[in-house]
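I opened this model to go through its domains, helix packing and chain contact. My entries follow in the order I looked things up.

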Amino acid sequence: MSQLLNEIEWGEPLLAPDIDPAWEAELKRRGGNGSEVDRRVAPSPWLREACLGINTGRVCAISAHLFNVSALVTAQENACRYCYGASRAYMQMLGYSESFIRRIEQDVHLSDLNEKERALVAFCRNLARSRPRPARAELDALLRLGYTREAAHEIALWIALGCFYNRVSTLIAIPPERGFEGWVEAKRRWFALAGPWMRFQAARRRRGKIDPAASEAALRAGVYGPVLAPLAGLPGAMIMKSALDGAFASNVLSRGTKALMFAIVARSLDCRTSETEARRLLAAEGFSGAEIEKSLASLESARVPAIEARLLPWVRETVHFQTAQIQRRTRELAAAMGNAAVLEAIGVAALANATVRLAMLVE
Amino acid sequence: MNAAAAAWLLGGALLIACACAWAWLRRAREAESLFAETRRKLEHLQREFERFAPPDLIEQLTDGRGDVAPQRRQVTMLFADLRGFTSMCDRLDPGLTVSILNDYFRHMSGAIGRHHGHITELVGDGLLALFGALESNPWQCRDAVLAALDMRAALVAYNAELAAKSLPQLQFGIGIHCGEVIVGVMGAGELNKFTVTGDPINVASRVEGLTRDLGVDLLVTEEIRKALDTGFRLRPMAPVRVKGKPEPIQTYHVET
């Protein structure tokens, strides 16, 4: 059963905020809210861009209402105290009633959710949980209910991006935005009145257009191109593409380690498409087929620098986890590797989980 | 109709509308509290059932996903049995015996859970743990051996606790084997359990029995050895014939 907000065990933050005035100004300029996440991922350029992109991202094929509901459900399924609390408070601020939010959380659907919305909630839970492994059939079920192909892909993309953001927050143990949560709670009556207007404004800000830069050719060109190609035109697709390209271009961790981390998550979720892509990346780094197989079977590799070796068994634990346990393991990792490497590893692990979940739907 | 009558009529209609809204709100609140109460009960039931079956299985059953239909799967089985515990039971107070056994199972369960396994059966002082039975696990053999090594370390720690209380120390034997088995909920009438059946489980049990004859605490079969990497130190034992197998089976003692 999915946990409720007060049931999630949450540890002390792994990383301190990194106050960089230039980045803070940039955040403000680009509409970011300077959240606890933004400050703690600031030392990693690609990771902070991805997090900012998710916070300010737009949708073109689904409504802001579906976006809000899917963000809440995904955060709850991933037992991310930070995102779950923030999504919940945000929905209250937009005038959603406490009973509506509670019914979504408790998976009790009454007349205020139609069949399409119920299917969306179930799809979010299945994809975020991936237990049992979701497949293309689940995406097709959304199409049968009347969602357009773009809408179904956009839903899947935002759940995957949600899984990414939830993992970044969980692995760092970002402290919950208690100030914001408390403020919304204190002004609930006011938000119940002003909520519809705020919801309208928020929906307007969230509304995007087809992104010409996210063409199929452009998406197919980079890392994990075949997985991204079906997302052509969606405004969120470039967030995923930039994150993948940025993560593999970064030199904090070796490229071979990162590709192996993707391959391990792919094997863990039994996703052939993702594993094939990771093998292609590993082959480009000089790994032979036998070496890849041996590394995947043993979660070890002689080609991985010694300091990064412990990332291979750890990344497997990020697929399905108990929050307190994975935070403890990540803390041990940070003590051994240092903050810069562990921040990068958290980003790569979160991205691998998001990418493989997306890839499972195109198989 | 004069103005006074119209006002009365309007007032009456408003009053009825308010009464209906109030009744509707009250029923909605009642329904919500009923749902909350049902959820609390379901959650309590789920937590209680987790004492008897793996949490993932309970989750599947409560979600009504129907994924526990019998199926063939590649599973790794770990049998562990305490040595000389039956004779120890005769000497110790029953309450103390149960307390020692429960603490032992708690330590072992922790070690198994840390490596993605779950205990499916406790029979007397023995246990059966499965790896990869509920969902595909490409690292199940490695997980089972790591769990066994963790169990060995946990037993050392637990024995230190027992020694500090001047209580007798425990020794165990562990046998690990893998193979394709049928997994599902099996049983009759009111007694059902999630378990596995097939020849590999018999082999795993026989291998655990061999630990006694060969004087070691942890044995794995050739199938497990093939799935392991070079990071484990394995010592080959002399092939031994076991009941139900025409050919002697090759086992390995896992040293580290």
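Entry 1: Domain bounds here come from an automatic or database domain assignment.

Ground rules, noted before going on. Residues are numbered from 1 along each chain as its sequence is written, and chains are lettered from A and ligands numbered from 1 in the order in which they are written. The model is predicted, so I kept in mind that local features need pLDDT of at least 70, that side-chain atom pairs count only at pLDDT 80 or more, and that totals for chains, interfaces and linings use all residues.

**Entry 2: domain 2 against domain 3 in chain A.** Domain 2 of chain A puts 10 residues into the contact, and domain 3 of chain A puts in 14 residues. Contact means that the C-beta atoms of two residues, placed from the backbone, lie within 7 Å. On the domain 2 side, helix H13 (225-228) and helix H14 (237-249) of chain A each supply at least two residues. H14(A) gives the most, with 4 residues. Helices are DSSP runs of H or I, at least four residues, strands are runs of E, at least two, and both are numbered from the N terminus. I sorted this side of domain 2 by class: 9 nonpolar, 1 polar and no charged. Ala, Val, Leu, Ile, Met, Phe, Trp, Tyr, Cys and Pro count as nonpolar; Asp, Glu, Lys and Arg are charged; the others, Gly among them, are polar.

**Entry 3: overall form of chain A.** I found 20 helices and 0 strands in chain A. Along the principal axes, the C-alpha atoms of chain A fill a box of roughly 60 × 45 × 40 Å.

**Entry 4: H7 and H8 of chain A.** Helix H7 (residues 115-129) and helix H8 (residues 136-144) of chain A pack at about 170 degrees, with axes 11 Å apart. Axes are lines fitted to C-alpha atoms, for helices over the stretch in contact, and angles run from 0 to 180 degrees between N-to-C directions. H7(A) and H8(A) are therefore roughly antiparallel, a label for angles over 145 degrees. Which residues meet? A:Ala119, A:Phe123 and A:Asn126 in H7(A) meet A:Glu138, A:Ala141 and A:Leu142 in H8(A). That contact divides into 4 nonpolar, 1 polar and 1 charged.

**Entry 5: chain A against chain B.** I counted 13 residues from chain A and 15 residues from chain B in the contact. Helix H17 (residues 289-298) of chain A gives the largest share of the chain A side, 3 residues. By class, that side has 5 nonpolar, 3 polar and 5 charged residues.

**Entry 6: chain B.** Chain B is divided into domain 1 (1-49) and domain 2 (66-254). Their centres, over C-alpha atoms, are separated by 57 Å. Next I checked helix H4 (residues 94-114) and helix H5 (residues 140-164) of chain B: their axes come within 8 Å and cross at roughly 150 degrees. That makes H4(B) roughly antiparallel to H5(B).

Terms used: Parallel < 35°, antiparallel > 145°, perpendicular 65-115°, else oblique.
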